[in-house]
Amino acid sequence: MTGYDLTTAPTVTQAVILAGGQGSRLRPYTDDRPKPLVEIPGTGTPIVGHQLAWLAAEGVKDVVISCGHLAEVLQDWLDQADLPLNVSTVVEAEPLGRGGGLKLAAKALPRPGEPWYATNGDIWTRFSLREMAAFHHERDALATLALARPRIPWGAVETDQFGNILDFIEAPPSPFLINAGLYVFSAGFAELLPDVGDHERTTFPQLARAKRLAGYQLPQGVYWRAIDTAKDLTEAAKELAASQASQEAAGS
């Protein structure tokens, strides 16, 4: 039980995926493909394939992908893939920034009077988007951000007040929540986005001051990772393999 009423919240059936970035920190993987087409070793599917399957399972029927770097490669993959929902693309003629790319894609959504999901094209996770939408509805927010608590990539040292080292903690969870790159937006939100630029520096602070920006913490135990570097690919492959092995052991 989540405490969120899934029966009264509107069903969200459309989404945007932001896939316009250069993916420079993921080179050489992104030399011949955009970041969402990079595959985590062992998964058998690119990031965008995982995202589309997840969105379809959560009731989404239409997705608009905002493309930029190597857009034609992504479009070719979409043309050949067996997709579980309707997918269209918009292409940034010039870099618009995350906010501008989001606004461009939002204009192509088939139902502008309804709420919509959005996700960055490098996120690998899976949880109940329906519950996040119900949370968004109950808060009467214009925008809701999913919030993650990632693990710190370095070991931590615990000391007492006298400077004595008490313990070493390997990859502890961060004390801070971060924007997980997944959103629920109400109808009308797109009008507040910049034509060019980053909505996290413009639109979000404005909504926060107006108390119309909500934060939904990912449920405990949910796997989440942004695939931003080659190291992220390696770490994600290890984590997902370990998770699968654990699930298989639990089911045997």
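**Close-up views of a predicted model**

**View 1. G197, a partly exposed glycine.** With a relative accessibility of 23%, G197 counts as partly exposed, because that value falls between the 20% limit for buried and the 50% limit for exposed. This is a predicted model, so please read each view with that in mind. G197 sits in the loop that runs between β9 and α5 (203-209). Setting aside residues up to four places away in sequence, G197 touches L96, G97, R98, G99 and G100. For a sense of scale, R130 is 67 residues from G197 in sequence, and their C-alpha atoms are 29 Å apart in space.

**View 2. Q51 in helix α1.** Here we look at Q51, which belongs to helix α1 (residues 47-57). Is Q51 buried or exposed? Its relative accessibility is 1%, so Q51 counts as buried. Apart from neighbours within four places in sequence, Q51 is in contact with I17 and with T119, N120, G121, D122 and I123.

**View 3. The largest cavity and its lining.** The structure holds 1 cavity of 30 Å³ or more, and the largest cavity has a volume of about 30 Å³. Which residues line the largest cavity? They are W54, L55, Y117, A118, T119, L129, L182 and Y183. Helix α1, β4 (116-120) and β9 (178-185) each supply at least two residues of this lining, with the largest share, 3 residues, coming from β4. By class, the lining has 7 nonpolar residues, 1 polar residue and no charged residues.

Technical notes: Residues are numbered from 1 along each chain as its sequence is written. This is a predicted model: local features need pLDDT of at least 70, side-chain atom pairs count only at pLDDT 80 or more; totals for chains, interfaces and linings use all residues. Side-chain values use heavy atoms; hydrogens and water are left out. Helices (H or I, at least four residues) and strands (E, at least two) are DSSP runs, numbered from the N terminus. Buried means under 20% relative accessible area, exposed over 50%, partly exposed in between (1.4 Å probe, protein chains only). Contact means heavy atoms within 4.5 Å. On a 1 Å grid over the protein atoms alone, a cavity is a set of points where a 1.4 Å probe fits but cannot get out, and a pocket is an open set with protein on both sides within 12 Å along at least five of seven lines; lining residues have an atom within 4 Å of a point. Grid points are joined across faces, edges and corners, and a volume is the space filled by probe spheres set on the points. Ala, Val, Leu, Ile, Met, Phe, Trp, Tyr, Cys and Pro count as nonpolar, Asp, Glu, Lys and Arg as charged, and the others, Gly among them, as polar.
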